[in-house]
Number of protein chains: 2
Amino acid sequence: MKNVIHAKCVKCGKIYESTPDLTNCTCGGILDIIYDYDYIKTQLTKEKLASRRDNSMWRYRELLPVEEPTPAPPLRVGWSPLYEASRLAKELGIARLYVKDDGVNPTASLKDRASSMAVAKAMEAGAKVIACSSTGNAASSLAGNAAAAGLKTYIFVPSRAPKGKVAQLMTFGATVISVQGSYEETFELSKQAIEKWGWYNRNAAINPYLSEGKKTVGLEIMEQLGWEVPDYIAISVGDGCTIAGLWKGLKDLYAIGFIDKLPRLISAQAEGCCPLNRAIETGEPWRPMEENTLADSIAVGVPRNADKALMAIRESNGLVVNVSDQEIMAAQKLLGRTCGVFGEPAGVTGTAGLKKLCEQGKIAPDATVVSVVTGNGLKDVANAIAACGEPISIPSDMERLLTAFAENGIVVD
Amino acid sequence: MKNVIHAKCVKCGKIYESTPDLTNCTCGGILDIIYDYDYIKTQLTKEKLASRRDNSMWRYRELLPVEEPTPAPPLRVGWSPLYEASRLAKELGIARLYVKDDGVNPTASLKDRASSMAVAKAMEAGAKVIACSSTGNAASSLAGNAAAAGLKTYIFVPSRAPKGKVAQLMTFGATVISVQGSYEETFELSKQAIEKWGWYNRNAAINPYLSEGKKTVGLEIMEQLGWEVPDYIAISVGDGCTIAGLWKGLKDLYAIGFIDKLPRLISAQAEGCCPLNRAIETGEPWRPMEENTLADSIAVGVPRNADKALMAIRESNGLVVNVSDQEIMAAQKLLGRTCGVFGEPAGVTGTAGLKKLCEQGKIAPDATVVSVVTGNGLKDVANAIAACGEPISIPSDMERLLTAFAENGIVVD
């Protein structure tokens, strides 16, 4: 990899050669991939990018940590749409708002960006099997992306994992091991099995390449905005890998001179589970929290990528905001009604946070903001049902329709 | 519209001016939009297309029935990925297979193509409200695409409509009227309301523009194949609008000289509801059938676009094939395992039909085939759960894992 210098521990600074099967530093710290930006500048220009027809995250190959001969994995991940949301901007009282819908990825979440990278690196490592423990989007995106590439997957889930998610994994041909115990026990068994059989490890907080996949969401936002830097980018935060990846992408672009400033990040967490935001607010080290939120994809009481995430929020002079489950479900409807975008609860938490900050007067009315929707609402229909209430219910009779409209205050234009 | 000559009834041949609010012919027949291909040839070249960065169905504007100033509706519909599925081709015993995944559209089905067109034509008609009656993908795609464009929707569903789908509609801000009665009664009430208030009518078998939106799936397949015509295109068939649209797109390309032959269509229906395929097989007029299939999106006992669909299948010298629910669910797993594509039951019925034809020796081993997946598996997780069986369930213990692998015949490579 001519574009990569090495990997470096974010905690102790120890240097590692960037082999495809890197995991954490011996000190327990997470590694960061360090690039040779001078070299990359000779390889990549805005014009070159603009002429590319590859509408996937792999259009940014010069900024990705893969060997030249490594093929892009089969599923078309990334290059999700960035919508200008003028009606929503007006409702929130800001000048300009864009919504990035990452729910249209192949397995319907931003996690596909990390899994696509995992598959590429597993192929470089000569692995035929990838494993992870997860109940959520990471698992389904790994199973789907690996299946398309002809790799086997072993996925460990706690027995409380929803049946729908297990069915999706099994449809992708994953061998699913349901562990009778907590998530911690599930993780422990997966760790032993990965060690025993030497499977490739897809865990975003252990494998340093995965946030390099996630960073493409930041690269895309900037290219789609014509390199005009917004004032803020709002995103939901769970274990911290996604916001750290987003920030890495933005810093890459700054380093190669594609953008001349950096936006401020808005880190949105659920009130019932906000260990990272609490650390920023109090200035103290993060401490575990309970996982009291229906936004399951960000219900992470022990964030595994706290270091990179906290650094990203601080470095960007970011804002943090915690929202209630009620505010999350209100944001889901708000995005649906004004933008036609249906996000899962964790997916719309960034928008919920932005709304709250606007109401608190913390965002200037002339601001330009991007809000990232990280997953599709079809992933969790149960909560949408609970939030929506009941439709009008009548027999097939025009008189009854007129009465029902009147009773519900519906005025037909 | 310089590219459109007029609309013409497929039944009696009566000619209509192509106003945006066209519905059926006075004889009850469905209208077809007739283009001026000589004019289009002067406007569109393969090179021009290749240089376009618009990765949506609207890249084919010269072939679409919209006025020049009409903007493309906001949601990014179409330009879904076409995957070469070499492992699946091998399993089926054919030379080359491509899978078109239309489940990654904004509301997760091919119906978005029709709804995007509906929104464009509604804007041309000056309408502020669009209405339809449907419980399925048409309803959610209309609600989402209209919400993004700032148009109101009234959607009539029978009271049996699944709560999840109703919640999705309500999230998009649609006014949902749940009608206590059959689908027929629901349709009747919607018809009266549409007439009373003059709402724009989004019904694929009444509004002749909608299959013009759907035809973009055919345009894309051919452009993505570099204009190399496959031997067959397999697709599931319900009310007939989709296969008719697909065929229209292919014929358009033939008419303007972009392709020099036409593929044969494979019309796949469910055994429990196959009125159109039965008509082809028997040579008799189609007759209503019961709706005995779990593939709800194609459970159409009274197909509303029979004429165009039957013409398309016959004109293409097409094959028809009916598959059982069991074969449909097997195809869902087959596509998931070999391609990483998770389709809803109706979405994978084309692949199920292709598999059956291959097994029957009706497809030559040197054939090139495209199979269209029309909707996302996340739309109907319940059936996937039923089809998948149970995962391995054990405590967090390596010995138990080894035993479980042995018992289940799992050999770790």
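Predicted model: local features only at pLDDT ≥ 70, side-chain atom pairs only at ≥ 80, totals over all residues.
**Stop 1: the contact between chains A and B**

Colour the two chains separately. Chain B brings 80 residues to the contact, and chain A brings 80 residues. About 6,700 Å² is buried between chain B and chain A, with carbon and sulfur atoms giving 62% of that area. Now select R76(B), T171(B) and L378(B). In chain B these lose the most area to chain A, together 10% of what that side buries.

Next, look at polar links across the contact. There are 24 residue pairs in polar contact between chain B and chain A, counting pairs with both residues at pLDDT 80 or more. Select helix α6 of chain B, residues 163-171. With seven residues, this helix gives the most to the side of chain B that touches chain A. That side of chain B holds 44 nonpolar, 20 polar and 16 charged residues.

**Stop 2: a strand that pairs across the chains**

Find I394(A): its bridge partner in β8(B) is V179(B). I392(A) is partnered with I177(B).

Five bridges join β7 of chain B to β8(B), and the two run parallel. Here F156(B) has I177(B) as its bridge partner.

Are the residues of β8(B) buried or exposed? Five of its five residues are buried. T175(B), I177(B) and V179(B) lie on one side, V176(B) and S178(B) on the other, and both faces are covered.

**Stop 3: two buried loop residues**

Go to D102(B), in the loop between β5 (96-101) and α4 (111-124) of chain B. D102(B) counts as buried because its relative accessible area is 0%. Show its surroundings. Beyond its neighbours within four places in sequence, D102(B) is in contact with several residues, among them S80(B), R113(B), V217(B) and T374(B).

Switch to N305(A), in the loop between α11 (275-282) and α12 (306-315) of chain A. Its relative accessibility is 0%, so N305(A) is buried. Leaving out residues up to four places away in sequence, N305(A) touches I30(A), A204(A), A205(A), D239(A), G240(A) and C241(A).

**Stop 4: charged pairs**

Side chains of opposite charge can pair when their charged atoms come close. How many salt bridges are there between chain B and chain A? The count is four. Select R53(B) and E223(A), a salt bridge whose closest N and O atoms are 3.9 Å apart. R53(B) is partly exposed, at 43% relative accessibility. E223(A) is buried, at 11%.

Over all chains the count is 42 salt bridges. Pick K215(A) and E212(A), which meet at 2.9 Å, N to O. Both residues are buried.

Then select K356(A) and E327(A), a salt bridge at 3.1 Å, N to O. K356(A) sits in helix α14 and E327(A) in helix α13 of chain A, 29 residues apart, so the pair links distant parts of the chain. K356(A) is buried, with a relative accessible area of 15%. E327(A) is partly exposed at 28%.

Finish with a network. Salt bridges that share partners join D32(A), E212(A), K215(A), K248(A) and D252(A).

Technical notes:
Residues numbered from 1 in each chain as written. Chains lettered and ligands numbered in written order. Heavy atoms only, no water. Contact = heavy atoms within 4.5 Å. Buried area = accessible area lost by both parts, 1.4 Å probe. Salt bridge = Lys/Arg side-chain N within 4 Å of Asp/Glu carboxyl O. Polar contact = N/O pair within 3.5 Å; in protein donor to acceptor, adjacent residues only side chain to side chain. Helix = DSSP H or I, 4+ residues; strand = E, 2+ residues; numbered from the N terminus. Nonpolar A, V, L, I, M, F, W, Y, C, P; charged D, E, K, R; others polar. Pairing = 2+ DSSP bridges. Buried < 20%, exposed > 50% of the residue type's maximum accessible area, 1.4 Å probe, protein only.
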